[in-house]
Amino acid sequence: MNKQNDMLSPELSPEALRKIDREVAKYPADQKQSAVMAALVIAQDEKGWLSKETIAAVASYLGMPPIAAYEVATFYNMYDLQPVGKYKLTVCTNLPCALSGGVHAADYVKEKLGIDFNETTPDGKFTLKEGECMGACGDAPVMLVNNKRMCSFMLPEAIDKLLAECN
Amino acid sequence: MALIDTISPLLTTGWSKGDAGWSLKDYEARGGYAQLKRILSSKMTQDELIAEVKKSSLRGRGGAGFPTGLKWSFMPKAAPEKYVVCNTDEGEPGTFKDRDLLRYDPHSTIEGMIIAGYAVGAKRGYNYIHGEIFDIYQRFEEALDQARAAGYLGERILGSDFSFDLFAHHGWGAYICGEETGLLESIEGKKGQPRYKPPFPANFGLYGKPTTINNTETFAAIPFILGMGGEAYLNLGKPNNGGTKLFSVSGHVNRPGNYEVPMGTPFAKLLEMAGGMRGGRKLKAVIPGGSSAPVLPADVMMECTMDYDSIAKAGSMLGSGAVIVMDETVCMVKALERLSYFYFEESCGQCTPCREGSGWLYRVVHRIEHGQGRPEDLDLLNRVTDNMMGKTICALADAAAFPVRSFIKHFKSEFEYHIEHKKCLVDPEVQRAGSGFFRASSVARVA
Amino acid sequence: MLEIEIDGKTLQVADGSTIIEAAHQMGTYIPHFCYHKKLSIAANCRMCLVQVEKAPKPMPACATPVTNGMKVFTHSELAVKAQKGVMEFLLINHPLDCPICDQGGECQLQDLAVGYGESASQYQEEKRVVPDKDLGPLVSTDMTRCINCTRCIRFTAEIAGFMELGQSFRGEHAEVMPFIGKTVDTELSGNIIDLCPVGALTSKPFRFSARTWELSRRKSVSPHDGLGSNLIMQTKHDRVMRVLPLENEDINECWLTDKERFSYQGLNSQGDNGRLTKPMVKQGGEWKEVDWNVALDYASHALRDVAKTHGGAAIGGLLSPHATLEEMYLAQKLLRGLGSENIDFRLRQSDFSADGHRRGTPWLGIKIADIGRLDRVLVVGSFLRKDHPLIAQRLRQSAKGGAQISVLHSADDDLLIKLAARAIAAPSQLPAVLAQIVKAVCQLKGAAVDAALAGITVSTEAQAIAQSLVSGSNSGILLGNFAQQHPQAATLQALGHRLASVLGGSFGFLGEAANSVGGYVAKAVPGAGGLNAAAMLKEPRQAYVVVGAEPELDCADGAQALASLTKAAAVVVLSPFKSQAMLDYAAVLLPVSPFSETSGTFVNTEGRVQSFYAAAKPLGETRPAWKVLRVLGNLLDVAGFEFNSSEDVRAEALGGQSDFVSGLDNGVDAFTLNLSATVNGFERVADVPIHFADSLVRRAPALQQARDSATPTARMNAATLKKLGVATGDRVRVGAGGTATVTLSTQLDAGLPDGTVRVAAAHADTVALGPMSSVLNVEKA
Ligand SMILES: Cc1cc2nc3c(=O)[nH]c(=O)nc-3n(C[C@H](O)[C@H](O)[C@H](O)COP(=O)(O)O)c2cc1C
Ligand code: SF4
Ligand code: FES
């Protein structure tokens, strides 16, 4: 156990801890750290983003050094280390998507929302991110909403529809 | 749902009902889990099983094309704790077959993994699923629950002596976790930084224990191979390139999607299945095996058949079977710039040549694309790739280098044009039109 | 063994060797950055690429295992091209700011760039800039220079035992950093400065103070704990500017503790509590700086007068266990010459009942290097990680290799070692629990249980420790400082000795100070009828000779020491430092050299004799203590004081013993165990914080800012806090029977037994509390 960690404040809800426990159970008993990726996702879902306190709380829950959890949180793209809007839109602009309009789809969203990549609309509703290949190039252009919802064939009408649905 | 077609359905047999045919019942109705039952009831030996897989000449579908049976045979027999790991971290640009495999037919992968566990003596497995396809991860977990409830997973499977359990682990946005040892690190709850090999996973894998790691499509093929026999599977394809393969066709075709064809099918046939060139335009180039594979010009590609050996002979790699089709509306400098950016962003950062070189490559290509290229830049790019290739822990550095070298090699004049004229050879409006993204001229702001 | 060929030369190497190890074995240098023999292999810098016959690509020498018949070319065209390519990559984002870099002149990157770099780079893009990090008072950062070799990270995780640094973000954005807002707090942190092959991590206290080529170098030996780490003292104009480890695989390996590395700052301390640089005498209550002959005259007269009027036994000699062998030897000789047998260096010891029963000089019981071979270890009464950081480090590595380490102690501090078993008990219970372990081991081994242990019941914790101990084949029992300071230390010794003999293992003491063994060798212990350190303070003397110690901080009962010294007619102090307390109680202050300004000898905890020379000239009017003692001996007409050099003194003190001293034996004979344990009240658990343990380290400013130098608190577990009705952070008044109390903040420490209160000793804030071992009364302030 890590006794050096003295920032145990930002409690995760019992619900979140229960979910984390379920992830922990997938791994051998002495390999709790294996659940850190899932635990950070669960924490991010609950808190909206990962503050250093949240990361430290996850690390402490899993009995790992906080910097090891921070390494993980900064290594994988989809962890948000800053607050994001209610809807985080990630548009794939990698080559296969770009060949079918990925870049233009991103431009279109930028224009509609009046923001660039890595910006959030002033009302806090949308954050736009540039994504790398999502493994869905056949459905290009593709866009991910809040990390977990994949939207395919994001041509202008589909984008209009999606943005209209978000409220 | 992307369009699908096939001329020899094996892996895709269950896909026809789309999202409605994935569950355990459907799979069993298609003859699913019969091979597992047969193996367990007949008490087939591990050696017999591995021999059958060897006979099929199945080669790993994750990119490297390593013979699967041989890989399994590397697992030490005596080790008390072993693992089977499935690589569904499909992040290689252009590849989207494993997603559909798990979406429409997750149980074939599950059955394949259980059989692999039996073959190598593992009691536990993990499937590492690309973070961006979270819905697929959830479906896979559901499928696992179904399999567990039906007794296909867990202690003493179907009353036999064999116990095996399987779990899903998801990624969260790091291409490098597709590299098998980066993936293992990631399951261990660390950054996905690849490990130096040797030792290979078969000796030192997950948690330091012997581990067999294969691609999703590789595992999914196993029940079919055992169903039809290794020899019959091999005969579907061509020697040394057994069976069928899924090809993810993307880019400038009319029907992007996954196509299952026998190994050795002519590229022209595959292109035809994918609906031919979008808008009837002219084929310019193809990346035949995912973004890491060298690009091939149209004429070379049109002569190829879709198998490891033919594509290798043409100077590229079959890789993951991701066929990125580019027509004449593509600016090759811009295309390379995007790929170089990808490798720059995705380098894990541990090896000096990759960490520093991938950024250097991107910046120079970026400069050229933005009209600040210098005549000596092309030699510089080649020299930098020279210093990267074969000098790193994993193959990402090579993957970053191949596109640069091949794009320059085959489309040098286009780069030279860019450097000299400080603009694309292909007019930006033509490029836009090629993408098929049309929109109203005025955009209404929503925020 | 395997046979391989490197650059045409054939050699035999052990199975499992890597190419780089093989090359080093034959003296061939292969350039590298991330590789370090004490750390795990990362193979990330790629500088060590070499050509291997039949391999299609260059191979990293650090990670490639040798195979029989392998042919390696370290300087072939392919190898050199690969190495040059890597060097170019390393330099493209490097600031190339050698002229303003503290690493300049001792930088691996700089050195290798000369051999492998091209003069002009074709890289013309913008360079990366990485924000600096605050790692605390000891290590300074220039992260833009970092080449991401990850040595520092691996050090914290693998050697120091807790991953305090990591590499966050990825690719070119990768940054080495601690967790946000955290510093590097390990007691071994300074080693990352040595490990960093570039100037990204440098010494904060040393920063910009000298260039490497301006420094003179001298070998020396650490004056702190009993390990006797080997040092390289670097000086400029006779001032110690920096201390680095001198590699010695048998002792400190290539490491130093922060205490050893940064305490040199205390050598340069100034002011009221700093270096004493002029002899001083107190006349009519006033302090005067005087010439040496006046001061020596004064001191000798004072001692002669007391001896004459009250007899030699009216004089007591308190010698620091950090003093050199020569100093202790001359001091005891002087005192004996004056007719006093009241001589002692065991200042923090409180139980001397083993005196007269000891078979020999207490020591580690084994060679330091053999600690790693123990497969079962029981550490009794030790704040191991802070008291003996490098021994803790060795045990940490053993534990990783499968050794089982167990602990019996009164505090459950995180040792960052995977423990097999532990028993945490109040100080008064330690003998009883150790007795239980002995009994359980006897039973498990089928040996006769000693009559004295027949009636005791074995607890589960003791049983678990016993089971671990008997399951191995090479066990060691180690008694730490806390056990040695314990009021039943002799019982613990007898039990430890018994335990080891039943196990057929080794038994020893973790030497608290640089000369914990040397003091015995120097005969700096009371002779027949003499008083030990505690007794000569308890029964106040007319005069004291104090050598190198600050008794109020260095003795088991600082308050009593202060009282007795203050009452004495004459206190002669030989010290490198002054302090207010000294000015209060002393009659004469003689400025003597710290270890850096004198030649001398320490005998470390394994009995190894290590002599050293002065690294710098004595500061001001300071003189080496051996010379001062010699003159005092002459002035007092003590026979046998004709020494011309410290070597002469050493020769007499050692009497023919050379590399290792003889007479080492931890046995005790004919000794009655004292297992009684009735205590009413809150037992004090007193640790000696790492940066307060001796006069030198107490005066090192950077160390005093470190986490380990926090103000003492009253630590207790939740139950004790509750019993007292106080919350964490509340102020409490703590007393120990006497009238004096100190007011401290409470702090929760889940690792303490019920009913104990942990209050650090050796600290000005807690001197008034009196004995380290005591029953405290605690009440809300
Ligand atoms: C940079 C990099 C990315 C990779 N990405 C993937 C991937 O997304 N999926 C995959 O199956 N294999 C990927 N691989 C290949 C794997 O390392 C490994 O060879 C494969 O999973 C083995 O399975 P197979 O033998 O069934 O092909 C990648 C390799 C590298 C070097
Ligand atoms: S080649 Fe690149 S991605 Fe692969 S391990 Fe090295 S730095 Fe990481
Ligand atoms: S390139 Fe966009 S999802 Fe594959």
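This is a predicted model: local features need pLDDT of at least 70, side-chain atom pairs count only at pLDDT 80 or more; totals for chains, interfaces and linings use all residues.

Reply: Residues are numbered from 1 along each chain as its sequence is written, chains are lettered from A and ligands numbered from 1 in the order in which they are written, and side-chain values use heavy atoms, with hydrogens and water left out.

Me: With which residue does C:Glu106 form a salt bridge?

Reply: Side chains of opposite charge can pair when their charged atoms come close. The rule for a salt bridge is a side-chain nitrogen of Lys or Arg within 4 Å of a carboxyl oxygen of Asp or Glu. C:Glu106 pairs in this way with C:Arg242, with 2.9 Å between the closest N and O atoms. The two lie 136 residues apart and link distant parts of the chain: C:Glu106 is in the loop between α2 (77–92) and α3 (108–116) of chain C, and C:Arg242 is in strand β12 (residues 239–245). Helices (H or I, at least four residues) and strands (E, at least two) are DSSP runs, numbered from the N terminus. C:Arg242, at 9% relative accessibility, counts as buried.

Me: How far apart in helix α6 of chain A are A:Asp107 and A:Lys110?

Reply: They are three residues apart in that helix (residues 102–113), so about one helical turn separates them. A:Asp107 is partly exposed, at 29% relative accessibility.

Me: How many salt bridges are found over all chains?

Reply: The search of the whole structure gives 89. Another of them joins C:Arg541 to C:Glu539, with the closest N and O atoms 4.0 Å apart. Here C:Arg541 is buried at 16% relative accessibility, while C:Glu539 is partly exposed at 40%. Salt bridges that share partners also join C:Arg348, C:Glu512, C:Glu550, C:Asp554, C:Arg698 and C:Arg699 into one network.

Me: What area is buried between chain C and chain A?

Reply: The size of an interface is often given as the accessible area lost when the parts come together. Buried area is the accessible area (1.4 Å probe) that two parts lose on being put together, summed over both. Between chain C and chain A this is about 1800 Å², with 61% given by carbon and sulfur atoms. C:Phe162, C:Arg170 and C:Phe179 supply 38% of the area that chain C buries against chain A, more than any other three residues. The contact (heavy atoms within 4.5 Å) takes 20 residues from chain C and 21 residues from chain A. Across this interface the rule finds zero salt bridges.

Me: What is the radius of gyration of chain C, and how does one read it?

Reply: The radius is taken over C-alpha atoms, and the globule rule is 2.2 Å times the number of residues to the power 0.38. Chain C has 24 helices and 32 strands. Its radius of gyration is 28 Å, close to the 28 Å that the rule gives for 781 residues, so chain C is as compact as a globular protein of that length. Buried residues make up 63% of the chain.

How values were computed
Buried means under 20% relative accessible area, exposed over 50%, partly exposed in between (1.4 Å probe, protein chains only).
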